[in-house]
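Biologist: Before I ask about this protein, could you bring it up for us to look at together?

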Amino acid sequence: MSLLPISAIVPTLNAAASLPEMLMALRGGVAEIIIADGGSTDGTPDIARACGALVITAPRGRGPQLRAAAEAASQPWLLALHADTRPGAGWQEAVAGFIAHPEAAKQVGYFRFTLDDAAPEARRLEAMVAWRCRWLGLPYGDQGLLIAREFYQSLGGYEAIPLMEDVALIRRIGRKSLVALPADFITSAEKWRRDGWYARSARNLFCLSLWFAGVAPDRIARLYARRR
């Protein structure tokens with residue numbers, strides 16, 4: 001299959017451990033990979049360049065970093081994903097099928113959330129995320145978000161906020177314009193193993209609840225950092 005007309009945009013901060021696997025999964029599949037680094041000290045930018053990615057420096061925070069990466073993109077489609085997430089088998093075919101439809105120009109595609117862990121807790125979390133996407137219309141960036149660049153720009157792009165940037169964008173798009181794509185995007189379960197499956201999930205839900213309650217993203221980010 002030829003390269004997809006996609007700029008993959010990835011925010012990074014000390015992502016040396018997970019980045020190579022993600023970049024290798026993307027290479028040969030997309031026309032452009034843009035890494036927006038927030039000040040890594042572990043060699044992340046060098047790893048990205050060695051794998052053929054364009055590296056830019058951006059103010060720290062997923063929102064500012066993704067916004068900077070999207071502004072640097074040259075392709076008609078954007079694929080936003082996290083540095084510890086990699087596309088699984090069949091993702092190129094799923095993307096090609098999606099972007100071939102004219103209505104996709106005003107839609108956002110997202111992938112199945114999958115964790116690289118065999119624990120029962122991982123399967124329960126995957127089921128919870130599938131429920132959240134189906135009934136609440138809230139896919140996150142660790143599932144991969146695929147959007148036409150013109151549509152993205154018409155929405156005002158990612159907000160320059162430290163977290164909840166994906167929720168803010170998806171809420172502007174609306175549930176009717178979300179399309180589940182038939183491929184897995186596999187995310188590292190390291191954060192859940194480190195912090196505790198239930199503790200981390202509860203913290204993420206707490207932060208989401210604060211966002212919906214109107215708490216400022218900067219304040220949520222400070223609370224999130226203190227609970228790490």
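Modeller: Its accessible surface, found by the Shrake-Rupley method with a 1.4 Å probe and with only the protein chains shown counting as cover for residues, comes to about 10,600 Å², and 55% of that belongs to carbon and sulfur atoms. This is a predicted model, in which local features need pLDDT of at least 70 and side-chain atom pairs count only at pLDDT 80 or more, while totals for chains, interfaces and linings use all residues. Residues are numbered from 1 along each chain as its sequence is written, and side-chain values use heavy atoms, with hydrogens and water left out.

Biologist: What share of the 228 residues counts as buried?

Modeller: A residue is called buried under 20% relative accessible area, exposed over 50%, and partly exposed in between, with a 1.4 Å probe and protein chains only. By that rule, the buried share of the 228 residues is 54%.

Biologist: Is Cys207 buried or exposed?

Modeller: The relative accessibility of Cys207 is 2%. Because of that value, Cys207 counts as buried.

Biologist: How many helices and strands does the protein have?

Modeller: Both are DSSP runs numbered from the N terminus, helices being H or I with at least four residues and strands being E with at least two. Counted in this way, the secondary structure comes to ten helices and eight strands.
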